[in-house]
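Colleague: I am new to this structure and would like to learn how to read its features. Could we go through them in turn?

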Amino acid sequence: MKNKKLFTTALVLALSVSSLGMTAKAANDDATALNYVKENAESTLVSKNGVDISYDLNSWGTGYWVGYKLTNNSKYALKNWTVKLSKEQVKIDSSWCVNIETTDDEYILTPLSWNTNVASGATIEFGFLGVGETDGKIEADIEFTKDHYDPTATISDSIPEKYSEIRNDEGAGTVKTISYTAHDSENGNTYTKKANIYLPANYSEDKKYNVLYLLHGIGGDENEWGMYNDESKVKAIMDNLAYYGDIDSFIVVTPNGKASESGSIPSFYNFGAELRNDLIPYIDSHYSTYADRDHRACAGLSMGGMQTINIGIGECVDLFSYFGAFSAAPTSNPASKTAELLADKDYPIHYFYNICGLQDGIAYWSASAAAKNLPEVCDKFVDGENFMWQELDGEHNFDIWYLGFYNFAQKAFK
């Protein structure tokens, strides 16, 4: 795998030599207009790509001590890092916790064998002793590598191997089963339902997340997508798309789309009320979500594709703005019906992705009638902008549906 480097430059703000022990924080290009540190100035912190650098400077006239702290606040480990200092600003006599290389113009500080990698959330310290006087201004260029960063995902006809490999280490998200109270569409009684949820790697309550509600087919339940353990292909796709930097990861929920305790087929068509009144409120109250339509998506296979079209777009367009239908089943609203339902709605469609196999004898005719010509009959969909119809060799199976998920995950929330 070809590694790619991310480079970041932190410009450390000037320090007054008389301000002993004062901490200067890294500043980016936007901070150059700030006043340089004066006698009683406050320290400034700027983070670049999740990496913070700060230093303490103590000067006694004939020499000075500089101690650095490098903190990795990104969600991935740094594999390598380098700090470059100008010889016009410092004259290094000795150092600790770093190797020192020199060029005609610079000192190059590189890690030792034991601090080459900086784990997510970790801080390392290093520094040097300088000789002579300093004019109170030290600038530092910082370069670091995230060797997993390799965003190569595209909308395609197959899933590259690197995006379907199971991750159990760095970059692995979490899958678990949840329970919530739902209202039975057949009798109004409340009962307990289960759903599965994928939480991205390093999920944090300090961050807000987008949410995809991923729906199953006519004979399935919350487990049909296989998202119930660490071997989940949905989990693998999500883990790898985020790990390699193709997407900003999001939460995925796979519910049971039958809105009754009996699990009857008619209750598929009543699932909108459960989404609106039971499931979405539960997810938004128990997890750190944005909790608005601009950050919600609805997608599904077969009958779940029907629900995406009939319920997601047709009934709940105020709740969702991204949609994906994979081999949308018979009884999906035809394009003309969807256009009619959206005619007086002011909610924009951020994206609608569709996929179906050409040899799908169950759903090709219904999926194509529902979506293939939708941009021609409804101006809320523009092919190539917020709409895509993908057809390729394939049948009514998970070869198409996992590919649909992989492609849709790249389009959602962009």
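Modeller: Let us begin with Arg296, which is buried, with a relative accessible area of 7%; buried means under 20%, exposed over 50%, and partly exposed in between (1.4 Å probe, protein chains only). This is a predicted model, in which local features need pLDDT of at least 70, side-chain atom pairs count only at pLDDT 80 or more, and totals for chains, interfaces and linings use all residues. Residues are numbered from 1 along each chain as its sequence is written, and side-chain values use heavy atoms, with hydrogens and water left out.

Colleague: With which residue does Arg296 form a salt bridge?

Modeller: Side chains of opposite charge can pair when their charged atoms come close. A salt bridge is a side-chain nitrogen of Lys or Arg within 4 Å of a carboxyl oxygen of Asp or Glu. Arg296 forms one with Asp284, the closest N and O atoms being 2.9 Å apart. Arg296 lies in strand β16 (residues 296-301) and Asp284 in helix α2, so the pair ties together parts twelve residues apart in sequence. Helices (H or I, at least four residues) and strands (E, at least two) are DSSP runs, numbered from the N terminus. Asp284 is partly exposed, at 22%.

Colleague: How many salt bridges does this rule give?

Modeller: The count comes to eleven. Among them, Glu143 pairs with Lys84 at 3.7 Å between the closest N and O atoms. This pair links distant parts of the chain, with Glu143 in strand β11 and Lys84 in strand β6 (residues 80-86), 59 residues apart.
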